[in-house]
Amino acid sequence: MTETAESNIVQEIYNNIRLSENTVQNTGEPRDHTYFAPGTVFEGTLHSDGDVEIEGQFSGEIVSDGKVTLYSDTSSSVSARSLSLIGSTLSGDSVVTEDVQVDDTSYIKGNIRALGVDCAGTIIGNIKAGNLVSLQSTASVSGDIKTATLVVTNGAQVHGKIDMS
């Protein structure tokens, strides 16, 4: 392989996956954002001090001190400060210190433990929220819900037990 071809491959990999953890920008400051571009395929464990956005294929475990945003189908457990699903599917359990948001085109198959859950999509699994679970009119939950406060908008569906103790 020529040096130019090798250089082009390295540049393409860099453009497709901007893993910012443990890298330094020209300013000398560490980055605080990890991004997997569409077309990127990753299997393994991701540890990040900052926010994580995934548009590629990810399988494994995500551990982040920041916000995790999923735009594609992901098979992973997630441990993060907050979690948002936008047009995506998550297969795996989530432990979130703040809030989980699931838009109307998204789907979670796994248990969720968080401070709050705002769902407009589908969740198949148990939800344990320390503060609030809010189910929008398009939401569907198949699993037990344990929370201090539950808000159910007309049209939302719940198939499971509810514990508000």
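Tutor: Let's begin with residues 13-30, where the pLDDT stays under 50; pLDDT is the predictor's confidence in each residue, from 0 to 100. The model has 25 contacts for this stretch beyond four places in sequence, a contact being heavy atoms within 4.5 Å. This is a predicted model, in which local features need pLDDT of at least 70 and side-chain atom pairs count only at pLDDT 80 or more, while totals for chains, interfaces and linings use all residues. Residues are numbered from 1 along each chain as its sequence is written, and side-chain values use heavy atoms, with hydrogens and water left out.

Student: What is the mean pLDDT of the protein chain, and where else is pLDDT below 50?

Tutor: The mean for the protein chain is 87, and 81% of its residues reach 70 or more. Residues 7-11 have a pLDDT below 50, and that stretch has one contact in the model beyond near neighbours in sequence. Where pLDDT is low, the predicted coordinates should not be read in detail.

Student: Why is T40 called buried?

Tutor: Buried means under 20% relative accessible area, exposed means over 50%, and partly exposed is in between (1.4 Å probe, protein chains only). T40 has a relative accessible area of 8%, so T40 is buried. T40 lies in the loop between β2 (33-36) and β3 (41-48); strands are DSSP runs (E, at least two residues), numbered from the N terminus. A polar atom of the T40 side chain lies 2.9 Å from the backbone oxygen of A37.

Student: What makes R81 and D51 a salt bridge?

Tutor: The term asks for a side-chain nitrogen of Lys or Arg within 4 Å of a carboxyl oxygen of Asp or Glu. For R81 and D51 the N to O distance is 3.5 Å, and their side chains meet in a salt bridge. R81 lies in the loop between β7 (74-80) and β8 (82-85) and D51 in strand β4 (residues 51-54), so the pair ties together parts that are 30 residues apart in sequence.

Student: Why does R81 count as partly exposed?

Tutor: The relative accessibility of R81 is 29%, so R81 counts as partly exposed. D51, at 28%, is partly exposed, and E98 is partly exposed at 35%.

Student: How do you know that E98 and R81 meet in a salt bridge?

Tutor: Their N to O distance is 3.6 Å, and the side chains meet in a salt bridge. E98 is in the loop between β10 (94-96) and β11 (99-102), and R81 in the loop between β7 and β8, so this pair ties together parts 17 residues apart in sequence.

Student: How many salt bridges does the structure hold?

Tutor: The structure holds three. One of them joins the side chains of D163 and K146, at 3.2 Å from N to O. This pair links distant parts of the chain, with D163 in strand β19 (residues 162-163) and K146 in strand β17 (residues 145-152), 17 residues apart. Salt bridges that share partners join D51, R81 and E98 into one network.

Student: Is T69 buried or exposed?

Tutor: T69 has 8% relative accessibility, so T69 counts as buried. T69 is in strand β6 (residues 67-70). Residues touched by T69, not counting those up to four places away in sequence, are V52, E53, I54, S84 and I86.

Notes
Helices (H or I, at least four residues) and strands (E, at least two) are DSSP runs, numbered from the N terminus. A polar contact is a pair of N or O atoms within 3.5 Å; within protein, one must be able to donate a hydrogen and the other to accept it, and residues adjacent in sequence count only if both atoms are side-chain atoms.
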